[in-house]
Amino acid sequence: MSEHLLEVTGLSAGYGQIEVLHGLDFHVADGEIVVILGANGAGKTTTMRSVSGMIGRSGEVVFEGNRIGSARPDAVLRAGISQVPQGRGTFTDLSVEDNLRAGAYTVKGSITGDLDRWYDVFPRLAERKDQRAGSLSGGEQQMLAIARAMMNRPKLLLCDEPSLGLAPIITQSLFKILGELRDEMGMSLLVVEQNAGLSLQLCDRAYVLETGHIVATGTGDELLNDDTVKQAYLGGVG
Amino acid sequence: MSLFIQRMFDGLAEGSIYALLALALVVVFRSTGQLNFAQGEIGTLCAFFASTFTLSGWPVWLAVLVAMVIGFVIAALVERVVVRPIEDRNPGAVIVALIGVFLAVNQLSAMFWGVDARSLPSLFPTDADAFIRIGGAAIRIERLGIIGVLIVLLVLLFLLFNYTKIGLAMRAVANNQESSNLVGIRVGNILILGWGLAGAIGALAALLLAPSAGLTGTLMLGPFLLASVAAVLGGLDSPVGAVVGGLLIGLLKAFLIGYVDFLSDMLFPVMLVVLLAVLLFRPAGLFGTEKVERV
Amino acid sequence: MSDSPNDDDVIDRAMTEEIADAGVAGPSAPVTEEGEVEHSGLPIRTPQYGGLHWLGRVLVFAIPLGYLLIRVFGVTGIAGDGWSNSGLGLLADALIIAIAVMGVNLITGYTGQLSIGHAAFFAIGAFTALILTQGKVSTPFFGEENLWDPGWTLPVAGVVCFVVGCLVGLPALRLSGIYLALTTLVFVEAVRSILKYEEFAGVTGGATGIKGDKYTPPEYVFDFFGIKLPTGLDGRGDLNQWMIYLSLGLLLLIMLMVSGLIRSRIGRAMVATRDNELAAEVMGVNLAVIKTVAFGLSGAITGVAGALFGLKLGLAEADIPLFGLFGAITFLVAMVVGGAAQIWGPMVGAVFYVFVNELARSVGENPSESIFSFAFDEGTKLDGLGGVIFGILLILFARFAPFGAVGTFRIIRSKLVQVIPKPPAGSLAARAMAAEDD
């Protein structure tokens with residue numbers, strides 16, 4: 001059980017009286033990319049937020065063998081989980097570099113090494129490091145959001161709909177980068193997405209979420225060739 | 001000419017006080033979108049404390065410093081105890097509560113210090129020969145001192161916001177509270193810090209004004225209104241705008257009273273016109289950011 | 001739903017319900033057991049009666065009113081040696097403030113435009129009354145030698161303030177929230193400066209203001225076929241008593257008018273504006289007209305109150321506290337405590353205000369002789385006690401009972417009832433629900 005990096009059992013969460021997630025079970029192993037696929041309203045963002053401690057929930061979340069209670073965001077961060085929120089959530093009034101520094105808020109000690117490394121991975125950010133984050137393009141802001149989350153030196157990265165609002169070409173290069181994070185840095189990712197095609201190709205395993213229930217799971221290839229999934233998310237069979 | 005220079009420095013000195021108060025208002029507005037209605041009154045209360053301290057024999061600078069700390073504490077308390085609980089439930093009611101704080105604090109000074117005027121010694125020498133000649137005009141040291149304080153404070157704030165981790169956190173919170181949460185910033189604590197800082201700055205404004213204006217319960221009523229107009233003029237989310245706005249209003253007042261005789265009693269009608277002109281034609285003020293409403 | 005857009009009645013009825021049903025007014029639109037819909041927290045219809053309700057009314061209204069009446073009749077007892085003049089004065093003040101707050105309630109409680117500046121209308125009304133009765137302006141055809149009969153100054157004050165209010169309403173169209181509040185605040189001070197201006201002293205009396213002759217009230221409130229209600233006990237009119245009758249009559253009249261207004265098209269448009277401007281506009285509300293009219297009417301009402309105040313006081317001077325910032329806050333306190341957007345709210349709030357104010361004043365003057373004597377030496381005064389109390393009350397009410405004493409108990413009661421959000425009228429879900437019930 002605790003061999004997985006992240007193990008979630010019986011996750012239920014909601015807003016006020018309304019329960020959105022009804023007892024989800026899923027896990028992320030070390031060094032793999034797991035995608036949670038779902039349409040609007042399925043509960044994707046709620047899932048992200050309940051794992052990262054933004055909203056209250058019931059059920060068990062075990063990370064690196066330790067139970068995370070209904071933890072606060074900063075405690076979750078310290079445990080090693082970073083989130084890239086939906087819509088990027090960059091600090092638009094701050095410079096690119098300030099955004100990165102903010103990402104390292106809970107890190108003790110010097111972060112110049114981290115800054116250099118991420119400027120290497122994202123040279124466009126290095127070019128614009130003193131520019132106001134709000135003036136960056138959508139794709140660049142997404143890179144910034146990812147880099148910011150990585151500044152915290154996490155072991156698990158949560159990505160909430162990274163392809164939202166981005167052109168297909170940008171999404172492709174974005175997913176390529178996510179793949180590199182896994183391949184070259186051994187990162188584990190939990191990605192929540194609506195865009196089935198690209199994300200199923202990228203991931204190692206995926207879950208399909210519908211109205212708060214997990215209705216299918218398998219490897220990326222398995223689901224790509226699954227008829228029901230194709231019907232619902234990939235525009236038809238064949 | 002020397003009269004002009006005299007008026008200019010008068011205006012800059014008074015404007016510095018408005019600038020400080022406007023700055024305090026903007027710091028709070030940027031992080032919480034609220035206008036701290038009670039900012040001026042908290043300052044007045046601190047000035048009363050300072051006057052008691054000096055009467056007990058404390059040196060002026062100590063009294064001022066401690067009074068600023070008191071301002072920090074009171075404002076922080078207001079955020080935590082009054083604003084935050086109400087904001088979560090009913091944002092529209094916050095301003096009503098702040099008006100309540102305004103009233104309570106204003107009358108608290110009357111309750112504990114009575115209604116007679118008091119005096120507060122100045123941080124700067126104020127005797128008859130404490131002036132410098134600039135361009136033929138005799139400029140009082142106190143005026144220059146006030147302008148100096150503004151400059152020093154601006155430098156300190158600049159360093160705080162741009163070169164410290166806390167300053168970064170405050171800027172982040174002012175921009176996006178949710179993302180701040182996500183990167184591990186304790187948003188609640190930062191808000192308290194912001195309000196406290198504003199409280200201390202507002203107190204400083206009162207402490208600088210009281211020696212020359214006389215310390216009564218109504219000390220900051222007018223200045224608060226003028227500083228609010230200044231903040232709006234400069235752009236409620238722009239610290240630079242607050243300072244520029246404050247100085248402009250100060251200068252406007254000095255030259256209005258000085259040169260345009262029949263308008264000298266019409267300060268507020270003029271301010272109303274200024275305010276309306278800004279709000280109707282350039283609602284974001286001179287330096288503020290235009291907010292585009294996505295419907 | 002009506003098809004023809006010109007079917008006013010249907011649209012009227014549908015308008016307020018639509019906005020709430022469409023969920024546009026807020027994330028939840030609870031339906032109380034009376035079938036009324038509440039949105040944005042402020043109730044739109046006058047409250048129903050119930051047990052908890054009476055508790056609220058007793059606390060906030062009956063006790064202060066009782067105190068005032070006791071003051072009126074003199075401490076010695078009901079059939080004492082003539083009615084206490086100061087008590088009568090207090091009661092009259094309460095009624096006048098109630099009228100003023102009716103105006104504030106109209107613009108802030110019902111139309112949702114926060115105005116901290118209505119004290120300006122109060123001042124303008126008072127000055128209008130005194131200017132006319134003292135003949136400061138030449139008014140050919142009216143009044144004898146420019147000296148007006150006090151009674152006629154009331155409607156004139158109303159009209160003048162209506163005009164000023166509409167003018168204020170124009171820039172207010174583009175302002176909202178704190179910007180509007182701030183502007184009204186500066187407006188108050190601007191009006192004060194103008195009223196104080198020495199160059200206008202011929203009309204406004206400059207810094208000293210206008211002192212009026214004692215307003216001699218008529219002998220009888222009315223005199224129909226031998227049925228008389230004297231305004232004084234000994235054959236001469238008593239100013240305070242007359243003021244009480246007059247103010248009470250006007251207050252009730254205004255309450256009637258406002259309650260009718262609220263139920264009308266215009267009234268519902270006002271409430272729609274308060275709850276969600278964008279939605280209101282989409283529903284066909286002409287925001288410009290509504291806001292301007294709301295400001296005008298509310299200014300007029302507060303102006304009439306001001307005229308009454310000036311006549312009663314016999315003096316109009318720019319530095320009177322009720323004419324400035326503190327007056328504006330006073331009205332706000334009364335409105336919040338009594339209950340915003342409630343017809344009885346202003347009355348309740350005004351009585352409460354006068355009661356607490358008076359109590360605080362008398363305790364403050366001689367705390368050593370009050371029940372707090374243990375804490376104070378003789379001779380110390382406690383100024384500002386009333387203000388501190390009201391400030392704290394505003395905070396408490398904003399935090400726990402934003403709808404005032406009268407409205408809150410209704411909200412509490414509605415929370416005890418199960419809430420079933422209604423789907424938007426005409427939607428598939430609604431039709432499904434309706435089909436289920438068949």
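**View 1. Contact between chain B and chain A.** In this predicted model, 17 residues of chain A are in contact with 14 residues of chain B. On the side of chain B that touches chain A, helix 6 (165-175) and helix 7 (177-182) each supply at least two residues. Helix 6 of chain B gives the most to that side, with five residues. Sorted by class, the side of chain B that touches chain A has six nonpolar, five polar and three charged residues.

**View 2. Fold of chain A.** Chain A has 10 helices and 10 strands. Its radius of gyration is 17 Å, close to the 18 Å given by the globule rule for 238 residues, so chain A is as compact as a globular protein of that length. Along the principal axes, the C-alpha atoms of chain A fill a box of roughly 45 × 40 × 35 Å.

**View 3. Interior and contacts of chain A.** Of the 238 residues in chain A, 45% are buried. Counting contacts in chain A between residues at least 6 apart in sequence, 66% join residues at least 24 apart.

**View 4. Helix 8 of chain C.** Helix 8 of chain C covers residues 239-263, 25 residues in total. From its first C-alpha to its last, helix 8 of chain C reaches 36 Å, close to the 36 Å expected at 1.5 Å a residue. Buried residues in this helix include C:L239, C:N240, C:Q241, C:W242, C:M243 and C:I244. Also buried in helix 8 of chain C are C:L246, C:S247, C:L250, C:L251, C:I254 and C:V258.

Methods. Residues are numbered from 1 along each chain as its sequence is written. Chains are lettered from A and ligands numbered from 1 in the order in which they are written. This is a predicted model: local features need pLDDT of at least 70, side-chain atom pairs count only at pLDDT 80 or more; totals for chains, interfaces and linings use all residues. Helices (H or I, at least four residues) and strands (E, at least two) are DSSP runs, numbered from the N terminus. The expected span of a helix is 1.5 Å times one less than its number of residues. A residue is buried if 20 or more other C-beta atoms lie within 10 Å of its own, exposed if 12 or fewer, and partly exposed in between; C-beta atoms are placed from the backbone. The radius of gyration is taken over C-alpha atoms; the globule rule is 2.2 Å times the number of residues to the power 0.38. Two residues are in contact if their C-beta atoms, placed from the backbone, lie within 7 Å. Ala, Val, Leu, Ile, Met, Phe, Trp, Tyr, Cys and Pro count as nonpolar, Asp, Glu, Lys and Arg as charged, and the others, Gly among them, as polar.
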